[in-house]
Each structure stands twice: as C-alpha cells, then as structure tokens.
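Me: Hi! Let's go through this one together, please.

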Amino acid sequence: MSPQWSELQQLAAQPFSLRQAFADDPKRARRYQLQACGISLDYSKNLINDQRWASLQALAKQSDILPLRQRMLAGEAINHTEQRSVGHMQLRLPDAAIKQLTDQALAADILRCRDRMTALVNQLHQGSYLGYTGKAITDLIWVGIGGSLLGPQMTCEALRPFSKSPVRIHFAGNIDGAVVSDICQDLDPETSLVVVASKSFGTEETRQNALSLRHWFTQSGADKKAIALHFWATSSNIEAAAEFGIQPEHILPMWDWVGGRYSIWSAIGLPLALQLGMAQFNAFLAGAHAMDQHFLEADLATSMPVTLALLGVLYINGMGCQSQALLPYNHYLRLLPSYVQQLDMESNGKQVDHQGNLLPYATAPVIWGDAGTNGQHAYHQLLHQSQQLIPADFILAAKPQHQQPDHQLRLAAHCFAQTQALMQGKTVAEATAECLQQGMTPQQAATLAPHKASPGNKPSNTLLLPELSPYYLGALIALYEHKVFCQGAIWQLNSFDQWGVELGKQLSGPIYQTLSKNEHPQFDSSTNQLIAIMRGHLTSHQNG
C-alpha cells in the first residue's frame with residue numbers, strides 16, 4: 001500500500017470529536033460545503049479536519065481519477081475485461097454537441113435514436129398509435145431487469161408529479177410469475193404495448209416475462225401480425241428480437257459501451273420520456289450533462305463527486321465501515337436507495353484490481369435506506385445508539401411538488417434534526433439533567449440516563465436540491481455515478497463489469513432442468529434436500 005494509504009489509516013485512528021470541532025471553528029460549515037449544478041452539499045458533519053482532508057486530497061491526486069477519466073473520454077476500453085469503452089456521458093450531450101463528436105456514425109446513431117423515441121412518445125401522447133383492433137394504446141408494459149428496470153422505475157416514480165402522459169406505465173422485472181399475472185389481470189391486450197429491454201435478448205427473467213406476455217396476447221386472439229404491432233424492444237441483438245416476433249423498425253438500440261446501470265440516458269429512458277414528454281426528458285439529460293461538466297472542469301478539491309468519494313474511502317478504508325445509509329427526505333425518491341445499491345455495489349463490489357490481484361482493502365459499502373421520516377421510527381435507532389459507525393447521506397428538495405407547505409417545513413426540520421442529533425449526540429450527563437428536570441429522583445435519573453444517551457460523532461452529508469425536478473434529478477444521479485467512478489479509480493478496480501453475477505445464473509440452469517424434468521438431483525446435499533422439500537409442497541398443492 002502507498003504512503004498515502006498508511007497516512008490515512010493513521011490519521012483515521014486518532015480521536016476526533018465533531019461536537020468539539022464545531023465549537024472550535026465557527027466557520028466550519030462554510031469551509032466544508034460545495035455547490036454544483038444548483039445542488040448544495042454540506043459535508044461539515046463528517047469526521048474530518050484539515051489534516052485528514054489534506055491526506056484524502058493527496059490520495060485523490062496520486063490515484064487514477066484524472067488519467068482514467070481522460071482515457072474514458074478518449075473512448076478507450078477502460079472496461080478492459082469486456083473490451084468495451086464507457087460512453088454513457090455522450091448520451092446526455094445536447095444535440096449540437098453530439099453533432100460535433102469525432103465518430104460521426106455514432107453521433108448519427110444517437111440522434112436517430114432520440115428522433116425515434118420522440119416519434120413514439122408523440123404518437124402515444126396523441127393517441128394515434130393504434131392496436132390490432134384499432135383502439136388507442138392506454139398502457140405500456142416495460143419488461144427488463146437490473147439497470148434496464150431500476151432506472152426507468154426509479155425515475156418515473158421520482159418525477160411522477162411532472163407526468164403528462166395519458167398512457168399508464170407498468171414494470172415487469174422479477175421472474176416471479178406474480179408480477180406478470182398482476183399486471184395482466186387489470187389490462188387489455190388490445191390497448192397494451194410491450195417493450196422488452198434486454199441488450200442480449202437472452203436475459204432469463206426478461207425473456208420469460210416477455211414470453212408470458214406474448215402468450216397473454218395470443219390467448220386473447222392476437223396473431224403474429226398483432227404481436228409485431230404491440231411489441232417493441234431495446235436491444236443490440238436484432239436477430240433474437242426478430243425471431244421473437246418484433247419488427248426491426250420497433251427495435252431501439254442498446255450499445256455495448258453503455259452498461260445497464262448507466263443506461264437510463266439511452267432508449268432505456270423511454271418510460272420516463274413517455275411520462276414526462278420529450279422536452280422534460282431533455283431537461284433530465286441536461287441536468288446530468290451539467291454535473292458531467294462540473295466533474296470534468298472542477299479541480300479535485302472542489303469537485304462534489306470527488307468529495308463524496310473521498311469521504312466514503314475514509315469510512316470504508318480508514319474506519320472499517322461496511323455500510324452507508326442513503327436517506328432521501330422525499331416521498332418520490334423512495335426508490336433511490338435501491339437504484340444506488342446497484343450503481344455502487346455492482347460497480348465496485350469487487351475483490352481484485354485491474355491486473356487480477358487480490359485487493360488489500362475493502363471496497364464498496366452496503367447501500368441501504370428508505371424515505372424519511374419513515375426510517376426515524378425504524379432503523380434510525382441503530383444509526384444513533386449502536387456501536388456501529390454508519391455514514392449517511394440525507395437528501396432533501398427544498399421546494400415541494402404539493403400544496404402542503406407545513407408538511408414540507410416539518411419534513412425539513414426532521415431532516416436537519418437527524419443530522420444534528422447524529423453529530424452531537426447526548427451525553428450521559430445531559431441525559432441525567434434532562435431526567436431530573438422531568439421530576440425523576442437522582443436514582444431514577446442515574447438508572448435511565450445511559451439508555452437515553454447517544455454517543456454522537458456519527459457522520460453525515462446533506463444534499464439540498466432546489467426542487468425535485470427533471471433537471472435536478474438528472475444532476476443527482478450523475479453525481480452518484482461520478483462518485484462511484486472516482487472510488488473505483490482510487491481502489492484500482494474495474495467499475496464497469498459485473499462478473500460476480502454470472503455464477504448464480506450458470507448454476508440455476510441445471511437446477512431448473514432437474515426441477516422441470518423431475519430428475520434425481522445430483523447437487524450438494526443442501527440443494528438436493530431443498531429440491532425434495534419443494535417437490536413435496538408442489539405435490540401436496542396439486543393433490544389438494
């Protein structure tokens with residue numbers, strides 16, 4: 001490990017009091033805050049002082065952040081295990097900038113995809129896209145999994161107040177048959193459009209759900225011509241999609257240089273474009289592009305993504321933290337933790353460096369959370385009083401998308417109070433004094449005070465958005481993308497592959513064959529036993 005790593009770990013081991021740091025420096029909050037793309041970041045409630053921060057900055061400077069960023073922009077295959085470049089930032093460029101790309105064929109492809117999305121969105125908004133019986137489409141069923149599902153689902157939920165679409169949007173991801181069954185129960189095939197999102201058109205969950213939906217159509221009397229009219233795809237495997245029954249003109253592109261968890265900016269964003277209309281979808285892209293510009297132009301010391309990345313490195317590698325809470329104080333952002341789970345954990349949940357050598361340190365944290373204030377009545381207990389150190393990001397949009405102003409003020413008060421409480425805590429002496437003021441005897445106060453005390457010194461960031469609009473949501477997502485990129489560069493790993501998910505897929509095939517053909521299981525004793533128990537339950541169900 002480099003001297004910077006050793007220095008960071010030595011500094012992180014030294015005692016530090018956030019409460020004392022604020023008392024000693026009245027300007028602390030002003031010194032540890034950043035603004036980018038209209039988003040404010042207060043990172044003053046972190047376990048940092050000038051010495052620790054200087055050490056983290058030195059680590060950033062000697063890391064691969066700048067050279068790897070340059071290689072990414074140059075189109076090099078920085079996803080070296082799959083021999084792919086990483087170009088999702090190109091997808092949120094303005095049209096004029098896309099036209100200036102060196103690769104003019106690629107520029108034409110991106111613009112053509114935008115035009116086709118615009119045409120389809122306009123048809124659906126205007127009610128001019130008619131089904132096989134001449135009825136207008138009223139519902140779109142989006143079939144995907146992973147980034148092909150999480151991105152559209154999260155953003156559509158986040159921006160629901162901006163919806164302009166007469167077409168309802170439904171998401172089918174999980175291979176559990178209940179998902180498709182529930183969707184089909186309330187819809188009519190004659191007025192439903194299905195979009196299958198799969199780069200390879202071979203992902204098992206997506207293909208199985210698509211087959212079930214196709215069967216739903218044929219059961220209603222739809223023929224091949226009707227299927228061709230009602231099914232679209234976003235895929236790079238044109239042949240497989242066509243074999244399924246989808247017309248080539250109904251296939252939107254998915255490029256191999258865009259990973260699933262970075263694909264919301266592509267045709268995978270069609271559900272969001274449909275919900276918002278193309279003008280607002282372009283504002284979403286513009287917000288992300290603005291954060292891209294900040295990431296590319298700001299120096300390391302004033303870069304918001306770099307700052308978040310370094311703070312994470314401090315807690316994971318300097319203090320042994322294994323998880324991070326993501327706490328959006330906004331009802332519409334309640335799916336953001338799930339989205340960032342994939343973005344962060346699939347990108348950086350790795351054990352080897354670029355050369356395949358075992359890393360000598362931990363990498364990605366476990367990301368978890370829920371919408372505030374729900375968590376305050378659940379797991380915040382652990383955040384405040386457990387002996388675990390769990391850094392947290394609090395996210396709040398100042399302007400609400402509702403007409404309940406007092407609700408918004410109370411929400412903000414809770415958000416700010418949580419970060420304050422985590423930082424300062426409550427000493428046993430303070431808890432004792434509080435108990436005495438409430439009329440307890442000294443003995444009663446002494447008994448109860450340890451249970452009421454909180455250690456404090458728990459770190460948090462607060463991200464304050466002017467409002468949760470398409471522009472600011474785009475900027476927020478891009479911020480977390482770049483944070484993950486920076487941490488991957490610091491840890492010297494490939495953030496853009498996901499080989500760890502392959503083994504489970506490979507093993508599920510033989511198990512499915514054994515289950516479906518009622519063969520004698522020949523796996524480990526636990527798996528064999530589970531198969532036997534399941535068969536017993538299924539037999540009892542069929543006989544019952």
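Reply: Happy to! Helices (H or I, at least four residues) and strands (E, at least two) are DSSP runs, numbered from the N terminus. This is a predicted model, where local features need pLDDT of at least 70 and side-chain atom pairs count only at pLDDT 80 or more, while totals for chains, interfaces and linings use all residues. Residues are numbered from 1 along each chain as its sequence is written, and side-chain values use heavy atoms, with hydrogens and water left out.

Me: Which residues of H10 are buried?

Reply: Thr-206, Asn-209, Ala-210, Leu-213, Trp-216 and Phe-217 (buried is under 20% relative accessible area, exposed over 50%, partly exposed in between, with a 1.4 Å probe and protein chains only).

Me: Why are they on the same side of H10?

Reply: Because they cover an arc of only 110 degrees around the axis, taken from the directions from the helix axis to the C-beta atoms.

Me: What lies 9.2 Å from Gln-208, C-alpha to C-alpha?

Reply: Gly-177, which is 31 residues away from Gln-208 along the chain. Gly-177 belongs to helix H9, residues 177-185, and is partly exposed, with a relative accessible area of 40%.

Me: Switching to the sheet: what's the strand order?

Reply: E1-E2-E11-E10-E8-E9, an open sheet of six strands with mixed pairing (a pair needs at least two DSSP bridges). Strands E1 (33-36) and E9 (366-368) are the edges, each pairing on one side only.

Me: How many bridges join E2 to E11?

Reply: Three, between E2 (residues 39-42) and E11 (residues 460-467), which run antiparallel. Leu-41 stands opposite Leu-463 in E11.

Me: OK, on to H22 and H23. What angle do they pack at?

Reply: About 35 degrees, with the axes of H22 (residues 502-516) and H23 (residues 525-543) 11 Å apart. Axes are lines fitted to C-alpha atoms, for helices over the stretch in contact, and angles run from 0 to 180 degrees between N-to-C directions.

Me: Which residues meet there?

Reply: Ile-511, Thr-514 and Leu-515 in H22 meet Thr-527, Ile-531 and Arg-535 in H23 (contact means heavy atoms within 4.5 Å).
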